[in-house]
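Dear colleague,

Please find the structure below, followed by a short account of what was found in it.

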Amino acid sequence: MRSAMETHPKVRLDILIEQLAVPRLGTLLDTLPGVNGYTILPVQGGSGLNGIWTRDGQIAGAEGMMMIWCILDAQHKEAVLKSVFEFVNARAGLITVSNVDVVRPERF
Amino acid sequence: MRSAMETHPKVRLDILIEQLAVPRLGTLLDTLPGVNGYTILPVQGGSGLNGIWTRDGQIAGAEGMMMIWCILDAQHKEAVLKSVFEFVNARAGLITVSNVDVVRPERF
Amino acid sequence: MRSAMETHPKVRLDILIEQLAVPRLGTLLDTLPGVNGYTILPVQGGSGLNGIWTRDGQIAGAEGMMMIWCILDAQHKEAVLKSVFEFVNARAGLITVSNVDVVRPERF
Amino acid sequence: MEFSNLLSIAGGTLGSPVVLFFLLGFLAALARVDLSLPQPIAKTVALYLMLAIGFKGGVGMADSGVGPASIAPLLIGVAFSAAFPILGFAALRAASGLGRTDAAAVAAHYGSISIVTFLTAIQVLTDRGEQAEGILVAVAAAMEAPAIIVGLWLASRGRSETGAAAGPAPEEARLSVREAVLNSSVVVLLGALAIGWITGEKGMTDIKPFVVDPFKGVLCLFLLDMGAVAGRGLAQNRRAIGTGTVLFGLYMPLVGAALMALAVWPIDLSPAGKALLMVLAASASYIAVPAAMRLALPKANPVIYTTLSLGITFPFNVIVGIPLYIAIADRLFAGGSQ
Amino acid sequence: MEFSNLLSIAGGTLGSPVVLFFLLGFLAALARVDLSLPQPIAKTVALYLMLAIGFKGGVGMADSGVGPASIAPLLIGVAFSAAFPILGFAALRAASGLGRTDAAAVAAHYGSISIVTFLTAIQVLTDRGEQAEGILVAVAAAMEAPAIIVGLWLASRGRSETGAAAGPAPEEARLSVREAVLNSSVVVLLGALAIGWITGEKGMTDIKPFVVDPFKGVLCLFLLDMGAVAGRGLAQNRRAIGTGTVLFGLYMPLVGAALMALAVWPIDLSPAGKALLMVLAASASYIAVPAAMRLALPKANPVIYTTLSLGITFPFNVIVGIPLYIAIADRLFAGGSQ
Amino acid sequence: MEFSNLLSIAGGTLGSPVVLFFLLGFLAALARVDLSLPQPIAKTVALYLMLAIGFKGGVGMADSGVGPASIAPLLIGVAFSAAFPILGFAALRAASGLGRTDAAAVAAHYGSISIVTFLTAIQVLTDRGEQAEGILVAVAAAMEAPAIIVGLWLASRGRSETGAAAGPAPEEARLSVREAVLNSSVVVLLGALAIGWITGEKGMTDIKPFVVDPFKGVLCLFLLDMGAVAGRGLAQNRRAIGTGTVLFGLYMPLVGAALMALAVWPIDLSPAGKALLMVLAASASYIAVPAAMRLALPKANPVIYTTLSLGITFPFNVIVGIPLYIAIADRLFAGGSQ
Ligand SMILES: Nc1ncnc2c1ncn2[C@@H]1O[C@H](COP(=O)(O)O)[C@@H](O)[C@H]1O
Ligand SMILES: Nc1ncnc2c1ncn2[C@@H]1O[C@H](COP(=O)(O)O)[C@@H](O)[C@H]1O
Ligand SMILES: Nc1ncnc2c1ncn2[C@@H]1O[C@H](COP(=O)(O)O)[C@@H](O)[C@H]1O
Ligand code: NA
Ligand code: NA
Ligand code: NA
């Protein structure tokens, strides 16, 4: 008997991006074939080449980043990564790609 | 000389789930053999088959998701995944599985 | 033609640590060779050997953890992990290590 | 004169900062400018309003005493909350084309009540110099749960018919009802009611600068947020719900208010109290019931019930409904006594 | 008459909205309904209360002047905070079965003070028409750090004994004390005290509608939250701490208050001021000290010290202790002057 | 007498709780103690202040009417906002060694306005018993966007020169200007202005305990936060910006205020109104413009423009500038009428 918990390989993108740009990135993702959804996680602060920042006390959204978590099928990886990288590279941000397994492959 | 930083393979689950269901998922996880802990991360918003949502302005917990991060030993992966998938599949949510290394294997 | 989206392997650290200790961990990371940045994500709650906790209602920072996300080059993995583990092991916390790919290798 | 009375109430309502801030948030959202508050603030402002309204209700009960006359509105409220979802369910199944689960979920919302609509109506009445009995706060709280129970029952009747489990598992249903009955809004509302009752006028003197004086201003801020959330939901999802369903969100409040007007006719209650019961009947939940449905009926589509109750019925009630119900109550119930 | 006086104070306290909201949050938590505020709100409400109480204290100091008589309570407070942990440590080691590190961490909490208990007592006194000297706010702030230093010293004495490092590394200890002395609550408290002192009655007129009028209502909201957090901790962890430790959380406040009553007997201070010093002595920290212990003694079990100070001693003081200490102070110190 | 007048205003400003709380947050940050508020609170307090100041401005407009005289300050404000960045850009390119993109971004900040500085100045005037025309709120709002448009134009002129795209893509520029014009602060400010205008004194009576009474106290809390953020930025980044740039942050407000003093000389406006226009001219944006620059000019270094406007010019204006501009306006414009 095959295990009921068969899993299927997919690709995970983690995109760190300025929160001001999140709506536009969302619009971009919504149009990309192969992207059926994404999830936005808040970021509290960080450190990088441009120094340290924190969300505390800020009234404007000017400073501050968000993390986008997006699961997709490997067949769309190349094209999605290309579009997203183009967007992110024009501003402050990072993208990492990794491999994950999921249970319901048809969602992605 | 062996390295002091020997690492050990473990399994990482990322579970996206409606925040209303988090207490019950927590209760479930607490009873599963092989789960010694889990961590809850807030989620700010997202997009999926049911459209876009955001946490902003919401007074009720009805909308809104959380991310559960759980590290466990590979030997329990199958059983834990089965139980968690059953729970998550009945509602809105996603699970991904990936491989990580840890330093202190006995914690998990 | 080589793909424009060539990716490069890097190492991802996820460090769960008490939020009170985050500034000191940040200071430590800033001094470690090979660490060019890190990102702090808020944590809402969790469960472990010391029971359940949640951020809700807390006025002091005494309870509460943060997640540190740090991408680095494999060549520094061993040394960074050693220093960070020493720090984290003295207090409540977890570290996981995993493999990711990035587009711009020179950032890390 | 009646019509001019309605117009004057409607004018008073529309000229009130409370409603204007709601419109500001709503219209800005339709123009894609988001004026919503950060979630921790929105939740706390809601909690504050529960606390304040509960406390004031309790002090009111301490002042005027709670006689046997208070039983009638409580019973009417509970009965309405249990019966109205059945009517709503039938209407949705007949005219809106929703499936059993979605229809049951939506119907539960309309049997239950919207505490924000209730608050807004209290403010409009206060601005007119009218005050209702403190017990109404308890009635509002008591009207949340019955509709949920009946809604889940309506959904679960599908189970036997279809073989598949359309309704909730019994354990889920039990937990969801507990959630609805014991959600933090209701507990704060009833707890503050009890504290107001215990401490009475002395307690009121103590915390009046917190619960009374800034109340209306805080309500403005809150309705700015509610308008923003309602408008955002409408802008995003108006295409996701059919015309029959949208119409339901407009006529159902009127039906509810009309039925309630009949039910409260004979009982001993101030005209303001009767108007508030009509408002409760006309309003649709968007705190307790969406949460309960999410838990107990995860397969019901939240976009439908949320957009309908928050994006359509709530603005309708704030702008059109409340002045209308008050004018009708005025005409029906205050006429005789004046 | 003394007993009836105690009863009347206790009745007054229990009938106060502030304490009733605390009980609401506490009892709801025991029934597994969480009424806690979102963290950003809880933190800001705490900050507001520090700001308000500091500012009022400063204006009080500007009004009445700060004479050499203010030195005595400051010195007594600091001495108490340094000495009391030694007594607590001995009691815990003898009767509660805690290890050195845990005992030291707990003892530090009881030498230090709870600003929320202090605020509640001020409110109870204000409700009785009594007012203490403004300098008491500075005394409260000064009592935070000494207990931390002594607690860390008690923990570190184990180092040489056992070989293993029971106590903190010196650098950790230094940073933790800095953290405790310069944590944002203390800085806002003392900063607002200074600003109140500088701006005096004129400043008070300016911001009275913010720092005075809504104060008691905000305190109700805050104690609702504190009750929720205290009850939640107790419900989750009551089995994690032994009976000897639980008893410590009940008798230690009484011992502290009694010792403080003796210490303040001879000094020149209002009865309300003396009552407040007893409250400070009886209360256990749950802002500064837990943070310092987390940092400097990561191996001490936070469940023990948090549950004890917040889940046991804090409710005990709010419900039983404060009326008791005030009644005693009344009897001992006001008797002569009346 | 003029000098003593300046001193008395400066003394009054420095002795005001509002400025003292700013200093508390600022100095604590320099001593590495962070008194900033959690972000949801900071955002909401800012929103509250917009709402309150807008509403009061609108009621003021309803009271006194809005005549053709209101056009002049509006036009002057818009013209200033469009022209001043050109001057600032030239100065930065000549004396601060900034590249084109950074200079354009900074210059846009100084043409635009800081609403917090504006609020602080209104409070100082109110404390002196002076009140400006309600229309000034609309002027402040109108001065945000022109500077952004001109700033982006200045940056984009580099495109053709260098080949590389120094300026924003047209689509980015359009969206950023929309963002600046329709950011939620501006919409709330103008929306509340409209609501105040519509509801007038009646609306004011309704929500005065929310928008007026606690206003100054809330402003204290807000400036505590702003001081903390300004001080933190300065402490972290003072080495990242050159002396020429720092000096720009000190002389540019003086230049702006002086030019504005000339511009408003002939027009029909209260001395308080003229003083406020000088304050607007002197102040640099840190809400709308940083956001627009982040979006439209991602390659401009945010450390420079944020540190300069928030860490240098804002404290300078709060402590030195506001009393100075008011004293000058007093001398120039009130002299004749007294
Ligand atoms: N190596 C890294 N790992 C994780 N996050 C990073 C890393 N480098 C930069 N970041 C994040 O990206 C933000 C902007 O980076 P930067 O533009 O280098 O200042 C930082 O504040 C961090 O939040
Ligand atoms: N492919 C995906 N990657 C990441 N998150 C997703 C994905 N699909 C859905 N989600 C998240 O799951 C939520 C519910 O999805 P859905 O039920 O498809 O609307 C969305 O709002 C997202 O937060
Ligand atoms: N296996 C695990 N997976 C994910 N998070 C964990 C795990 N174990 C512990 N944690 C997190 O670490 C915190 C402290 O753990 P503990 O010291 O075991 O109580 C918990 O509250 C969780 O947030
Ligand atoms: Na209803
Ligand atoms: Na104590
Ligand atoms: Na300016």
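Across the interface of chain E and chain F, 2 residue pairs are in polar contact, both at pLDDT 80 or more (a pair of N or O atoms within 3.5 Å; within protein, one must be able to donate a hydrogen and the other to accept it, and residues adjacent in sequence count only if both atoms are side-chain atoms). On the side of chain E that touches chain F, α3 (39–64) and α10 (184–211) of chain E each supply at least two residues (helices are DSSP runs of H or I, at least four residues, numbered from the N terminus). With 13 residues, α10(E) gives the most to that side.

This is a predicted model, in which local features need pLDDT of at least 70, side-chain atom pairs count only at pLDDT 80 or more, and totals for chains, interfaces and linings use all residues. Residues are numbered from 1 along each chain as its sequence is written, chains are lettered from A and ligands numbered from 1 in the order in which they are written, and side-chain values use heavy atoms, without hydrogens and water.

Between chain E and chain F there is 1 salt bridge (a side-chain nitrogen of Lys or Arg within 4 Å of a carboxyl oxygen of Asp or Glu). D206(E) forms a salt bridge with K216(F), and their closest N and O atoms are 2.6 Å apart.

As for ligand 1, the site is shared between chains, because residues from chains A and C surround the ligand. An oxygen atom of ligand 1 is 2.5 Å from a side-chain N or O atom of R107(C), while a nitrogen atom of ligand 1 is 3.3 Å from a polar backbone atom of G37(C).

Yours sincerely

Technical notes
Near = heavy atom within 4 Å.
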